[in-house]
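Open the model in your viewer and keep the selection panel at hand. The stops below can be followed in order.

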Amino acid sequence: MGAISVDNGPSVCVACLSCLNAGRALGKWITAEQAAAEVDAEAITYGGQGEAMTYGSGAAFVGCKRCGGDEWELVDVEHTPHGFRELRGFYANAGELAECDDLDTLAIFAAWYNVGGDITDLAELIAAHEDRYRGEWSSMRAYAEDYAEQTGMLAGLPDHLERYFDFDVLAHDLDMEHYFEGGHVWYAQ
């Protein structure tokens, strides 16, 4: 497929579907910044893999230089949240993807929350993340300890009895209504 992507944010590897099916794929990595620049310039070339051509009606499409095919497929993605892992969604949100500060955390959330791919708008995904995000923790037990303190669960309990509180059981119960991955916790309900 093309060269290995340099770790510079959201990127996709695009290949001509006809070439891919014929076993001669010419995949090329495109970063969100490159895609955003192509959108701004109204010159989407799928990373230089094609030349602008037109249908009879005048609607532009990009044809593969090798076979003339006009169907493009994402064959790999990096740092790209679920729901934006198709060509149109990636290009439609390229500018926002390139500017997103915490895309790695958002990608972890999206992999769990947006499994069906229903959210294809980055602002909507960010809003869902912010509504459910509970913070970064080393474990569910660490989250449970903070949760007990923040909610006043141990208020009024004498200090000498606090050590008998079973945070592992609380962590198990919280795990039923929260999602923990990569050190991050989101409310699942």
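Select E124 to begin; this residue sits in helix α6, which spans residues 122-132. The model is a predicted one. With a relative accessible area of 45%, E124 is partly exposed, because that value falls between the 20% limit for buried and the 50% limit for exposed.

Together with E124 they form a negative surface patch.

Next, go to strand β6, residues 133-136, and pick Y133 there. Which residue does Y133 pair with? The partner is W186, and the aromatic pair is tilted, with 5.5 Å from centre to centre and 55° between the planes. W186 belongs to strand β8, residues 184-187, so to speak of this pair is to speak of a link between distant parts of the chain, 53 residues apart.

Is each one buried or exposed? Y133 counts as partly exposed at 26% relative accessibility, whereas W186 is buried at 0%.

For the last stop, select A35 in helix α2, residues 32-40. A35 has 0% relative accessibility and therefore counts as buried.

Definitions and conventions:
Residues numbered from 1 in each chain as written. Predicted model: local features only at pLDDT ≥ 70, side-chain atom pairs only at ≥ 80, totals over all residues. Heavy atoms only, no water. Phe/Tyr/Trp six-rings, centres within 6.5 Å; stacked < 30°, edge-to-face > 60°. Helix = DSSP H or I, 4+ residues; strand = E, 2+ residues; numbered from the N terminus. Buried < 20%, exposed > 50% of the residue type's maximum accessible area, 1.4 Å probe, protein only. Patch = residues over 30% accessible without salt bridge, like charges linked within 9 Å, V, L, I, M, F, W, Y side chains within 5 Å. Areas by Shrake-Rupley, 256 points an atom, 1.4 Å probe, with all protein chains shown as cover. Salt bridge = Lys/Arg side-chain N within 4 Å of Asp/Glu carboxyl O. Lys, Arg positive; Asp, Glu negative; His and termini not counted. Charge placed at Lys NZ, Arg CZ, Asp CG, Glu CD.
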